Amino acid sequence: MIKTACAAAAVAVLGAAMAPEAKADETKFYLNPEYNQGFLGATSLGGVLNIDVGVENGPFYAQLGPALATGTGTSDWGVAGKTGVSGKVSDHMNLYAEVSAAKFDGSAAAYGLKVGSKYSF
């Protein structure tokens, strides 16, 4: 699964770098530390600290890095990443889509999909 996630991220990075509407000077690298905590009612389900390095070019981005799962009585290191695209559909609205994956030792790979829009006024 980790190989699949890495391959998908590599394909997304290459696609972003080769996108016809994106110029080479628009390629940017970034660091994206992020902590996500889950709850069911008032009960904590645990959290994950991601320390991703990413690349974006035009509307495309991809990021990958180590991840630390916490809050379940033990801590577990793994790898996580995501790739996505966003685009302006009008002066006030953007659409976006993102695919993510994470894998920790001793557990099945987890996947996510996010699609949405952002309206500015």
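Me: What makes the part of the chain holding Q63 a strand?

Reply: Q63 is found in strand β3, which covers residues 60-70. A strand is a DSSP run of E with at least two residues, while a helix is a run of H or I with at least four, and numbering starts at the N terminus. Two notes before we go on. The model is predicted: local features need pLDDT of at least 70, side-chain atom pairs count only at pLDDT 80 or more, and totals for chains, interfaces and linings use all residues. Residues are numbered from 1 along each chain as its sequence is written, and side-chain values use heavy atoms, with hydrogens and water left out.

Me: Which elements does the chain have, and in what order do they run?

Reply: The chain comes to one helix and six strands. Starting at the N terminus, the order is α-β-β-β-β-β-β.

Me: Why is Q63 called buried?

Reply: Buried means under 20% relative accessible area, exposed means over 50%, and partly exposed lies in between (1.4 Å probe, protein chains only). Q63 has 5%, so the residue counts as buried. Buried residues make up 23% of the 121 residues in the chain.

Me: What makes the meeting of Q63 and N32 a polar contact?

Reply: Their side chains come to 2.8 Å. A polar contact is a pair of N or O atoms within 3.5 Å; within protein, one must be able to donate a hydrogen and the other to accept it, and neighbours in sequence count only if both atoms are side-chain atoms.

Me: Where is N57, and what joins the side chain of N57 to T27?

Reply: N57 is found in strand β2. At a relative accessible area of 1%, N57 is buried. The link with T27 is a polar contact of 2.5 Å between side chains.

Me: How do you know that K82 and E34 form a salt bridge?

Reply: The closest N and O atoms of K82 and E34 are 3.4 Å apart. K82 lies in strand β4 (residues 76-88) and E34 in strand β1 (residues 28-40), so this pair ties together parts 48 residues apart in sequence. The rule asks for a side-chain nitrogen of Lys or Arg within 4 Å of a carboxyl oxygen of Asp or Glu, and 3.4 Å meets it. K82 is buried at 15%, whereas E34, at 25%, counts as partly exposed.

Me: How many salt bridges does the structure hold?

Reply: There are two. One of them joins the side chains of E98 and K114, at 3.8 Å from N to O. This pair links distant parts of the chain, with E98 in strand β5 and K114 in strand β6, 16 residues apart. E98 has a relative accessible area of 12% and is therefore buried; K114 has 41% and is therefore partly exposed.

Me: Why is the pair of Y119 and F121 called tilted?

Reply: A search of the whole structure finds one aromatic pair. Y119 and F121 form it, at 6.0 Å centre to centre and with 35° between the planes. Rings of Phe, Tyr and Trp (its six-membered ring) pair if their centres lie within 6.5 Å; planes under 30 degrees apart are stacked, over 60 edge-to-face, and the rest tilted. With 35°, the pair of Y119 and F121 falls into the tilted group. Both residues are exposed.

Me: Why is S107 called partly exposed?

Reply: S107 has a relative accessibility of 33%, and so counts as partly exposed. S107 is found in the loop between β5 (93-104) and β6 (110-119).
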